[in-house]
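Me: I am new to this structure. Please walk me through how to read it, one feature at a time.

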Amino acid sequence: MTTLNVLAPLQGWCAPLEEAPDPVFADRLLGPGVAIDPVEGVLYAPCEGEIISVAATKHAIAIRAENGAELLLHVGIDTVALAGEGFEVLVSSGRRVHAGEPLLRFDLDAVARRAKSLLTPIVLTNGEQFSITRANTDRLLRVGEELMQLTRVASSERVSKATADEARETFRMPLEHGLHARPAAVIAAFAKTVSADIKLAAHGRSANARSAVGLMSLGVRHADELTVIVSGAQAQRIASELKERIFQMPRPAEVDPAEARSSGASVAPSNALPTSAQKARSAKATDGGERLRGVIASRGLAVGRAATLQAPEIQVEEMGRGVAHESAELERARAEVRERLEHLARHSQSTAREVIAAHLEFLDDWEVVAAARRAISKGKSAAFAWRAAIRESADALRALGDARMVERIDDLLDLETQVLSALKGEAPVTLRELPEGSVLIAEDLKPSQFVALDTSKLAGLCMAAGGPTSHVAILAAAMGVPALVALGSRVLGIEDGTPLILDAEQGWLTMAPDQAAWSAAEQAVSARQQRKQIERAAALTDCRSADGVRVEVFANLGSLTEAQVAVAHGAEGCGLLRTEFLFLDRDSPPGEDEQWRQYQAIAEALPNRPLVIRTLDVGGDKPIPYLPLPPEENPALGLRGVRTSLWRPDLLKAQLRAIVRVQPIGQCRVLLPMITDPAELRAVRRILEEVRRELDVQEDIELGVMVETPACALMAERIARDVSFLSIGTNDLTQYTLAMDRGHSELAHRMDGLHPSVLRLIAMTVRGAQEHSRLVAVCGGLASDPQAVPVLLGLGVRELSVVPTSVPQLKSLIRTLSIDRCRALASEALQLDSAEGVRALVKDFSLTLSRVAS
Ligand code: PEP
Ligand code: MG
């Protein structure tokens, strides 16, 4: 028998051996194994075999299995000191036993009180002959369920095995934002799939790779030295694989305009986010009420009445009612929270789903759960233990002083409340009924609390603390709830029912305004709502400027669902299908047929409308795991966009075949990202022609390029000769023109596509395209920015491809514009020397426009 399934000899949580609070076990001095935190005082035989020893102090038994594997079952840590008290041995040395036969009884609570820990190591003591090929750690096991699988090591391997037992890989952290929540969660998920122990070490500290929280607490930043240490079977292979996975992790993708808006980072960067100067301060308003200054987290205007939500701290008893009871309680509560979160995830939109996924990861975090169980085994109550474990992890993250990590503290504390509420058998405090038209006031609302709210009753949201890019801010914006954060503690003093005006366009909260101000704000809110409805109804027809010039408004899409939303909002087609979304989050590239099915479905969701499909735009800041690109010093300037496609022509050809097969032929157009010269274009066209021949397609397939590099804009005239259309990707064009990384938070406020240098490149592109009567669209974030639209139209752009839900607003804006006036505006903008100057100019222009209109 070369493999042996070892069964759980105890009921309880199964943890990696290194969790045992004793270096003799944790450092595997006795051999590899696992540890069980028992919830019942009976130890059973884990396999058929012979009892080879029983400790005189009755706390440990060793058994030799039929195949020769020897296992030590050691109840608790430092239990030798109990001198047999509380233990009753049921077998003697030399006895043959069956799997599942009781070997030992012990008084769980008495032992728990007196021993260092109840954690029971199950150790393979002849590890040179066997290796653990599977271990069911990090889960609750019942007696008799599979605990681990042992495999005999071939004799030829034995010598080398001892040295191959541990492997290390040292490298510099390639990820721009270091070891933050997402990569930590991916590493933790990977570590849970292998039986070897994995540690990550940096800055003289190490963390178990199964704990995302522990990994984050290492505080690893970009370019810091990091060592992966793997002990156990196939250590070298696992170490190399993990290193490779870290290198292949997606770098933070650019923020889609929809996300940018929803994260509070408005698509109008120069004036979007209040700066640090906007620390909460109060002022006497001209409208009678008192005002508090806040930071805009979700734009909009709201009037409503205060509804405070100051969740009282949940009181917990320190001491528990026995280890078994408290362990079971903790598992029950976590299971309940897990079930609720999974249910919520199924019924939430994608932004909320991401938040919930983070909570689920933390709920099962190895380190947090282990710390809680350690406290329970010392007699603490489940609630006390859980709170202590969460706070310990939160403190470790807080100590890093890294804003990105600090935001995760919210998630941890949120989870604390959820599990404590479940332990108390109460609904989370936020599930209370909100009165209609509430402006909710909270210290720092937690994401799950927000997700659980009835947003139809919610007029707005005010938080004393919080940040504009927190998860709650993202959720509020995604659901269209105006929100201010960082209002300061005075906001918490507002009494329930107080009338409030929440101006999340200017960053003010007015308390108890006078009647005139209240009525004016109410009117403004209802005018906005009416305007939205009218815009939505009018969006279903074609769009012309006030002086009759046709402007097409398309939508940028990443999925079938978005296509349906786009049509409902009046999009005249899709100007940019970001196909990389089909390629991310999977282990292998989608085949031709799978791609074809997706493109066909999206085409059918856009009846009689063009569908511009961009070929795969990965590499650089959007790597994909199964397409390992050579390591690059500067990925934004490396293999990305069409360069990647030409580097892997097999993938490009499959994609082009899938696009060309879509019916009706001609609905789909092909758009190439990151073009820098006509040679790239010619190379793709050759493959496209080959595809047409193979598929016997006679019709022409329109081919266009994205203008995303200054090179492409400067050569637009030359390139326009060879294509049917050009589409300006202002996100990348701005990044490459200003030489500012689009993901760089410090530079975010300066990354403005209205910078005159970018506008000059747009003007040059339009001129070049016009020489060959080619249409120029803009599909970058600038097209969704109402301030930029008059300038773009003035420069000659006649098609915009925008965030689907922005279509109605932009169409109605275009209908008010005269192209002649826009031309004058644009030529003035080209002469300015800053993006701020251009924005100020556009503001004046809009004011004049509104005066003329009224
Ligand atoms: C752009 O760069 O403006 C663009 C639309 O492409 P992406 O944002 O997908 O890189
Ligand atoms: Mg781009």
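Me: Which residue in the turn between strand 16 and strand 17 has a positive phi?

Reply: This model is predicted, so keep that in mind throughout. The residue is His203, with a positive phi of about 50°. It sits in the turn of a hairpin made by strand 16 and strand 17. Two residues lie between the strands.

Me: How many bridges join strand 16 to strand 17?

Reply: Four bridges join them. Strand 16 covers residues 197-202 and strand 17 covers residues 205-208. The two run antiparallel. To follow the pairing, find Leu200, which stands opposite Ala207 in strand 17.

Me: How many bridges join strand 12 to strand 14?

Reply: Five, and these two strands run antiparallel. Strand 14 spans residues 146-152. One facing pair to look for is Ile132 opposite Leu150 in strand 14.

Me: Where can I check the pairing of strand 8 with strand 10?

Reply: Look at Glu88, which stands opposite Arg105 in strand 10. Three bridges join strand 8 to strand 10 (residues 102-106), and the two strands run antiparallel.

Me: Let us turn to the ligand. Which residues around ligand 1 come nearest?

Reply: Start with the neighbours, then look at atoms. Of the 16 residues around ligand 1, the nearest are Arg578, Arg614, Gly729, Asn731 and Arg742. The side chain of Arg614 has an N or O atom 2.7 Å from an oxygen atom of ligand 1. The backbone takes part in the picture too. A polar backbone atom of Gly729 lies 3.3 Å from a ligand 1 oxygen. For a polar backbone atom of Asp732, the distance to a ligand 1 oxygen is 3.0 Å.

Me: How much of the 290 Å² that ligand 1 exposes when taken alone does the protein bury?

Reply: The protein buries 100% of that area. Two elements give two or more residues each to the shell: strand 29 (574-578) and helix 25 (730-738). Helix 25 gives the largest share, three residues.

Me: What classes of residue make up the shell around ligand 1?

Reply: Sort the shell by class. There are nine charged, four polar and three nonpolar residues.

Me: Is Asp752 buried or exposed?

Reply: Compare its relative accessible area with the cut-off. Asp752 has 1%, so it is buried, since buried means under 20%. Its place is in the loop between helix 25 and helix 26 (756-770). The side chains of Asp752 and Arg839 are joined by a polar contact of 2.7 Å.

Me: Is Gln787 buried or exposed?

Reply: Gln787 is buried, with a relative accessible area of 16%. Find it in the loop between strand 34 (775-778) and helix 27 (789-794). A polar contact of 2.5 Å joins its side chain to that of Arg839.

Technical notes:
Residues are numbered from 1 along each chain as its sequence is written. Chains are lettered from A and ligands numbered from 1 in the order in which they are written. This is a predicted model: local features need pLDDT of at least 70, side-chain atom pairs count only at pLDDT 80 or more; totals for chains, interfaces and linings use all residues. Side-chain values use heavy atoms; hydrogens and water are left out. Two strands pair if DSSP finds at least two bridges between them. A residue is near a molecule or strand if one of its heavy atoms lies within 4 Å of it. A polar contact is a pair of N or O atoms within 3.5 Å; within protein, one must be able to donate a hydrogen and the other to accept it, and residues adjacent in sequence count only if both atoms are side-chain atoms. Accessible areas come from the Shrake-Rupley method with a 1.4 Å probe; for residues, only the protein chains shown count as cover. Ala, Val, Leu, Ile, Met, Phe, Trp, Tyr, Cys and Pro count as nonpolar, Asp, Glu, Lys and Arg as charged, and the others, Gly among them, as polar. Buried means under 20% relative accessible area, exposed over 50%, partly exposed in between (1.4 Å probe, protein chains only).
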